[in-house]
Amino acid sequence: MSEDKRKSEMVKEQDDGKEQGNGKVKESRRDFLKKMGVAAAATVAAPAITSTTAEAVSLGETFQTHFELMSDAQKEKAIARLEKRYTEQFGKQTTVANTPAPDGVLFGYALNIAKCIGCRRCVEACVKENNQSRDPAIQWIRVLRMERGNDTFELENLHKGSPDSNSLGDYGIQSGGHADKHVGLSGAAEHYYEPEQVPEDNAIYFPVQCHQCEDPPCVKACPVRATFRDPNGIVVIDYNWCIGCRMCQLACPYWARRFNWGEPELPNEDMNPKTHYLGNRPRMRGVMEKCTFCLQRVREGRYPACVEACPVGARKFGNLLDPESEVRKVLATKKVFRFKEAFNTDPKFFYYMD
Amino acid sequence: MTMKKQIASASEKPIAFARDFFSYAIKGGNLYYGWLLFLSFFVLVGLYTAFVQMTTGLIVTGATDQIVWELFISNFIFTAHIAAAAVLVVIPAYIYKRKDMKDLAVLGEIIALTFVTIGLNFIMFHMGRPERSWHTFPGLGIFNFPNSMLTYDIIVLNVYLGINALAVSYLLYMRYIGKPMNTKLYTPLIYVAVAWGPLIHIVTAFILSSNAAISMWHTAVLPFAFLSMAGASGSALIIIFFLLIRKFSKMDIADSVIDFFSQVMAWSLGIIILVFAAEFFNELYPATHHAASLEYMMHGHHGLDAYVPWFWATMALIVIPFFLLLNSKIRKSYNSLLPAVSFVVFMIILIEKPAVLVFPAFSPTPLGEYAVYHPTAIEIFNVLFIWAVGFITLTLLTKGAIGVLTGEVRDSNTVETSGGAK
Ligand code: SF4
Ligand code: SF4
């Protein structure tokens, strides 16, 4: 079953157009193709690997151990294997880096929800940078759209409540006026919106991605330690060690993990050949993936792709241990909150307002 | 006898045992072959659908990032029910020393053994990359011990499988060669198995309730619900199983045994009702966000009401059998109502797993999305494949075991000492 069809069978909270999810996926896909040229449209990633290389590679990959437990020589070998395979498969010189985590850094992220306009440029940039599957579409960032204001307080409900005043006699005492109705629309959000233009007057936007929890429930749940916290506080996955059990996906309160239900399709033209072993290298079917704060970039001192892509500068990124960093300045001077604090996961992802 | 000969005969005997056991197991009447043929049909179809899933990925199931667990894992939870309930046969036999159940204990262990195997198969199908399961083998892979609940489950399931396999084959083999068992070895094994049965189930419940992000499961009643469901569905299966054995084999099973299980089934249903009531009250009275999944099941959400009939049917079919079973006439109707009620209880708890426990729990998702699960044909045939393999195993093992227990399968050199069990 295609992702589009699956999506179309889901109904979102406050949903009034069932096909929105469907539309969204196609829309962003079209955009990519437009940008990448006409030729892209016709091409489906055709595996161009000769069978002998593929076999040698897959045997080697099958028996390799967890990346963190490999010796340097083993790592080199594993990486060479991958580079060779990706280069042949995608028809372009691909590098798989193993840039180590820089010392004395704890990465943090701050997002200005007053500024976000819901354009989802970050989503597009992320998909492109991180080699996410285009079909079935996998996206690491969700931009939730919420209705501004509150339309449930109405005069006619003023005297309503429970118990109903004429069911068992009218005692004139009500335990709640509007209380039997949901108050406001808080918590009701959707991420398949498809407006003509953003920002919409009546909406606010709330992007969610992996919060890189300091106490990550996903890491706790993984039976084989395929997912773990790197020395910079980024939660990463060894795609070659993941057994696809999805325990981590259940555990994550931010719904940040994406599973490769089928063979990921990544057209050659769209593939970003500059990859990192723990970051944006192409994934295989049956493994988990998620945002890594663009580990391949930030370990080299660059910004994550979403930070660069945001047209309104709503996204800030930096070293939480450095008081001079942008993100620390935000924490010190703005109105800051974290999402779902009740889960006690201590996210390194902050929301703020001016 | 020379030393050499002795060794030779010692290694020959287990082979002879296996040969006699299985050649007896595959013999039977037309009905027996019909049953095996019926199951083989699903195996044949399943070989194809399993191939499709293993080569295409889990996308051929109905699972999505919204509804993460498919039919496989819901069925796995159910098999854990039955496997745990098998100790209900062992406990009366070995701890209460009931004479009428002494010989039946081994059948209980066969049930445990088969259902753990079925459950492990379901887990294999559930995994995105089953060929990497070696990552969970101690020594080869790495365990996330003591953090991951799945790690515990892998350990307890395999140990339970091992214990039962050992106990069953040891007992049957000793019967076969006509020697008394070494109770110093056997009794402790049985006691460990008895303790281990509920344990596999409690750990399975913890796998679910450890996920704070899925609020419907994040409740302390889950292990109690599971154990009471094990009592009900396990007893239901055992009743049907024993009634069939009694009808079709020489094995003698007293009415008192069936009565015991129908009582266990009745009171397990009673406890399930209480557990549900407690949970529903706990959710619905404060009616916080935690109640969202339950409300979704009870009333639907914005027109999404696929689970509503399942929910109410399940609740009704758990309550009605409870009241029926309070009636001793129904409990004693061994050839009509009792098996029918047992069948309903077995099926309803099987259906409750995906339709009430698993699929609706994922809505709303942590980001507030509602979704409905649609199992695909490939997924359904894979589930039937696993069940068919499981029932074939159960049938063959039981048939062979009955042969040994009734003395029809036995070592030709054995000197009759006890006059046989006939
Ligand atoms: S947000 Fe989710 S995926 Fe990311 S670290 Fe936290 S629990 Fe893990
Ligand atoms: S899906 Fe992969 S990363 Fe997630 S818990 Fe399972 S093995 Fe670990």
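Student: Which helix gives the most to the lining of the largest cavity?

Tutor: That is α9(B), with five residues. Keep in mind that this is a predicted model.

Student: Which other helices each supply at least two residues of that lining?

Tutor: In chain B, α8 (222-248), α10 (292-299) and α13 (337-358) each do so, along with α9.

Student: Which residues lie nearest the centre of the largest cavity?

Tutor: Met216(B), Leu222(B), Phe276(B), Glu279(B) and Leu357(B), out of a lining of 19 residues.

Student: There's a Glu in there. How do the lining residues divide by type?

Tutor: The lining has 15 nonpolar residues, three charged and one polar.

Student: What volume does the largest cavity have?

Tutor: About 230 Å³. The search of the whole structure finds 15 cavities of 30 Å³ or more.

Student: Back to α9. Where does Trp267(B) lie?

Tutor: Trp267(B) is in helix α9 of chain B, which covers residues 255-284. On the surface, Trp267(B) forms a nonpolar patch with Val319(B), Phe323(B) and Leu326(B).

Student: How much accessible area does that patch have?

Tutor: About 400 Å² for the four residues together.

Student: Switching to ligand 2. Which residues come nearest?

Tutor: Cys222(A), Cys242(A), Cys245(A), Arg246(A) and Cys248(A), from the 13 residues around ligand 2.

Student: And how does the shell around ligand 2 divide?

Tutor: Ten of its residues are nonpolar, two polar and one charged.

Technical notes
Residues are numbered from 1 along each chain as its sequence is written. Chains are lettered from A and ligands numbered from 1 in the order in which they are written. This is a predicted model: local features need pLDDT of at least 70, side-chain atom pairs count only at pLDDT 80 or more; totals for chains, interfaces and linings use all residues. Side-chain values use heavy atoms; hydrogens and water are left out. Patches are made of residues with over 30% relative accessible area and no salt bridge: like charges are joined within 9 Å, nonpolar side chains (Val, Leu, Ile, Met, Phe, Trp, Tyr) within 5 Å. Accessible areas come from the Shrake-Rupley method with a 1.4 Å probe; for residues, only the protein chains shown count as cover. A salt bridge is a side-chain nitrogen of Lys or Arg within 4 Å of a carboxyl oxygen of Asp or Glu. Helices (H or I, at least four residues) and strands (E, at least two) are DSSP runs, numbered from the N terminus. A residue is near a molecule or strand if one of its heavy atoms lies within 4 Å of it. Ala, Val, Leu, Ile, Met, Phe, Trp, Tyr, Cys and Pro count as nonpolar, Asp, Glu, Lys and Arg as charged, and the others, Gly among them, as polar. On a 1 Å grid over the protein atoms alone, a cavity is a set of points where a 1.4 Å probe fits but cannot get out, and a pocket is an open set with protein on both sides within 12 Å along at least five of seven lines; lining residues have an atom within 4 Å of a point. Grid points are joined across faces, edges and corners, and a volume is the space filled by probe spheres set on the points.
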